[in-house]
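Thanks for making the time this morning. I would like to take you through one structure, going from the inside of a chain to the way parts meet one another.

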Amino acid sequence: MDKNWLEKMLDQVEKPGRYIGKEFNQIVKKDQAEMIKIALAFPDLYEIGMSYLGFKILYHILNQRKDVFAERVFSPAVDLERLLRKEKIPVFSLETYRPLNNFDLVGFTIQHELCFTNILNLLELGHIPLKAEDRDENSPLIIAGGPGAFNPEPLVDFIDAFVIGEGEEVILEIMEIYRQWKRQQGKKDELLLRLTKIKGLYVPSFYRVEYKEDGRIKTIAPTKKEVPSQIKKRIIKDFDQATYPIKPIVPNLEVVHDRITLEILRGCTRGCRFCQAGMIYRPVRERSLIQLLELSEKTLKNTGYEEISLSSLSSTDYSQIEELIKRMVDHFGEKGVGVSLPSLRIDTFSVNLAQQIQRVRKVGLTFAPEVGTERLRRVINKNVSEEDLFSSLEAAFQAGWRRVKLYFMVGLPTETEEDLSGIVRLVKKVKSLGRKIAGKKMEINISVSVFVPKAHTPFQWEAQEKMEILEQKLSFLSSQLKERHILFNYSDVRRSFLEAVFARGDRRLGKVLEKAHQLGCKFDSWQEHFNYENWQKAFRDNQISMEFYATRERQKDEIFPWEHISTGVKREYLWQEREKSKIEESTPDCRFDSCTSCGVCEKGLI
Amino acid sequence: MERIIRIKYTKEGMMKYLSHLNLVQIFSRAIRRAELPVSISNGFNPRFRISFCPPLPLGINSQAEYLDIKVIESVNLKELQKRLNHALPEGIKVIKGKEIPSLSSSLSKTIDSALFIVFLDLKRKKNNQQAAININSNQILTLASEEQKDKAIRKNLIEREDNYRLIEINQEIRNFLQQKEMIIEKSKPEGVKRIDIRPFISIMQGLNYKKGVLELKLHLKIGPQGNINPCSLVEYWLNQSPYQGEIIQIYRQELYRQGRAVM
């Protein structure tokens, strides 16, 4: 009788349930010859990774194929990492406990910039050489996709190929190319070249970047004739019929979003100028009502979940949202299954919808006024008025809600003291409104984040505000809002600064990432693991200025590191939006007004 | 008419790494998947009316977990077992079920003891080679191989040695149990808590010793003031004993009420 290596480790770690797999609907396949083995790697903990719909969609699509074998790998927490390193055991998949370096391909999901070091760490823990140039055809092919891949440049040293845009179709095209190549026992370079033939695939080793003396980019150009100079993002043509995972894995332990995520529409054209998702997921596409009811019925049967979240960037914009909610609540309510909306548009219509939902399960209310004044709201093109906000909140308090959550952002372009005191004034007004209607048991949850200029947005030219000023602004808010009934949360300024560096970073940051990884940086989005001093050292050692990337305003014609990556939204449109922000002019949503000529619907993309 | 179905199930293999809290969620979802007519509570966050036996510590297998399920109509027990097993993850399995009177008192209130079997990799500590019963297997084996090459005898001798060891271990355990008090320290959020574990031990006895592995039987009380984790007891004993050991596997074999197995 002996104890196996896995149990020996699991006996010593916190929450061992993260690493065991064996959830309901998990797919375990036999390893047969000719089978392509791909690890879907999520560079964060199980509880985070298992909350993302995109990750589940890919798992589902890949495993539907008889000749593909897709398994999950997550970042181990630091306690397990220590044991894996000590025993020299590679990080493993949850399905068959297969070492990461034993797969043909590893596909990373990149959600945001602060998971970059975890990607490097997972490669290392998987006993895979970190750098693409150190890997040949005997190492797994490392690919990556997700919203974080829209500026892939800081990661090009480590990733062989990036998927730009929606993955549902392209992932199978990659499998096909890989299969042909594997059968012919080709070299890695041949595979990479063939991958460039797939639309939406970016193989960074075929591009050369040259810099000006001042550090800005001079040119980005392919090194081979047959490689495209622009990589256009992939879009699912028929979103209504796009694969949806009706048999998703049901986690055995609590994860962050532990419910059915029903994606009712994709894309958003509200046009908030700071919002990257609003630009990169265009155009707006909806799933039909019939399809949604059918998908939720099937998924409920297959999972036993007690809640369906109607998910999208702005769910109350779904054209038949009232009808959808009514039908769902009528149909599922008696079974004790609730329906939820992730966040609400600021209007009474949305509050009424939330009330419908409330019939089955209690739901929280979240609004995002973003800023404190109407002026700044016009700058960022958040087209809601204070009047809307107060009438919505009044309706909510009257309908019985006692807790509301409000999101704000500081450090936006043109922000003044007046805008900041505007937040204070607004919150206090909400509080007195709440006290008047709801009485003492009322609570307002305020969450303030720091503006991070992102690639592919109208604000991609903007400087992030200096850290000292941001600190002052946050401490001003926190001192002004230190009151009963108000819960105040805000993000770490240093983390937002680092995020801003990588959000618009270029290839030269690869060596910084490698250094930071060597210094032990990981889980940077977790407050308890974030180590800013090590990051500063990593930049200093490479003589790279963080300010150059984060707090520098770009000129109109500056070539961006992501210039060769196309979301379909034209650069001229983004610039025009930026100019309009300066004169506080709003741009309406093209669904309810005229076309804004952003470019995404033009030929070639859809 | 509401009725209560009591089921007995196992939790083994990797499932031993899931907590009691996880189990509540797993059963709720399995019940929904199995489409069983289970009663639902009122209120803002409706839940199934199910109640569990005392929680099993993380990392321990079980052959005997219990769950009471309140159903709103009569159900066929075989059908319920089949459907639930189809809906449960691998490693959790319903082995039987029966209807109990609806006024029965709850599992968590009436269960008063648990039987554990611990498999323990056990050796004498290096600095404590002096055995309680003086026997040296090498000497015997050397003699045996010189005089008699018969394999059966060698095997017999090894078995005999294992039996001697078991006697010796049980002697150690008996001495250990003479203590009136066994204080262990548990670190809790509010500080270190000192607990006397002696009153919880009903039986502690080695059943078998083979190839260096001790099969240890522990019958432990579960009271209103809580229970103790068999690992804590084993560790506490090992610290005082002339042995060093590593727990290989623990099984909760049965739960009892006033000396009788629940089901």
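This is a predicted model: local features need pLDDT of at least 70, side-chain atom pairs count only at pLDDT 80 or more; totals for chains, interfaces and linings use all residues.

Let me begin with two parts of one chain, where 10 residues of domain 1 of chain B are in contact with 10 residues of domain 2 of chain B. On the side of domain 1 of chain B that touches domain 2 of chain B, the classes come out as 7 nonpolar, 3 polar and no charged residues.

Turning to chain A, we find 20 helices and 19 strands, and the C-alpha trace spans about 70 × 65 × 50 Å along its principal axes. For a chain of 606 residues, a compact globule would have a radius of gyration near 25 Å, and because chain A has 24 Å, the value agrees with that expectation. Of those 606 residues, 46% count as buried, and among the contacts in chain A between residues at least 6 apart in sequence, 77% join residues that are at least 24 apart.

Finally, how do the two chains meet, and how many residues of each are in contact? Here 21 residues of chain A are in contact with 21 residues of chain B, and the side of chain A that touches chain B has 8 nonpolar, 5 polar and 8 charged residues.

Notes
Residues are numbered from 1 along each chain as its sequence is written. Chains are lettered from A and ligands numbered from 1 in the order in which they are written. Two residues are in contact if their C-beta atoms, placed from the backbone, lie within 7 Å. Ala, Val, Leu, Ile, Met, Phe, Trp, Tyr, Cys and Pro count as nonpolar, Asp, Glu, Lys and Arg as charged, and the others, Gly among them, as polar. Helices (H or I, at least four residues) and strands (E, at least two) are DSSP runs, numbered from the N terminus. The radius of gyration is taken over C-alpha atoms; the globule rule is 2.2 Å times the number of residues to the power 0.38. A residue is buried if 20 or more other C-beta atoms lie within 10 Å of its own, exposed if 12 or fewer, and partly exposed in between; C-beta atoms are placed from the backbone.
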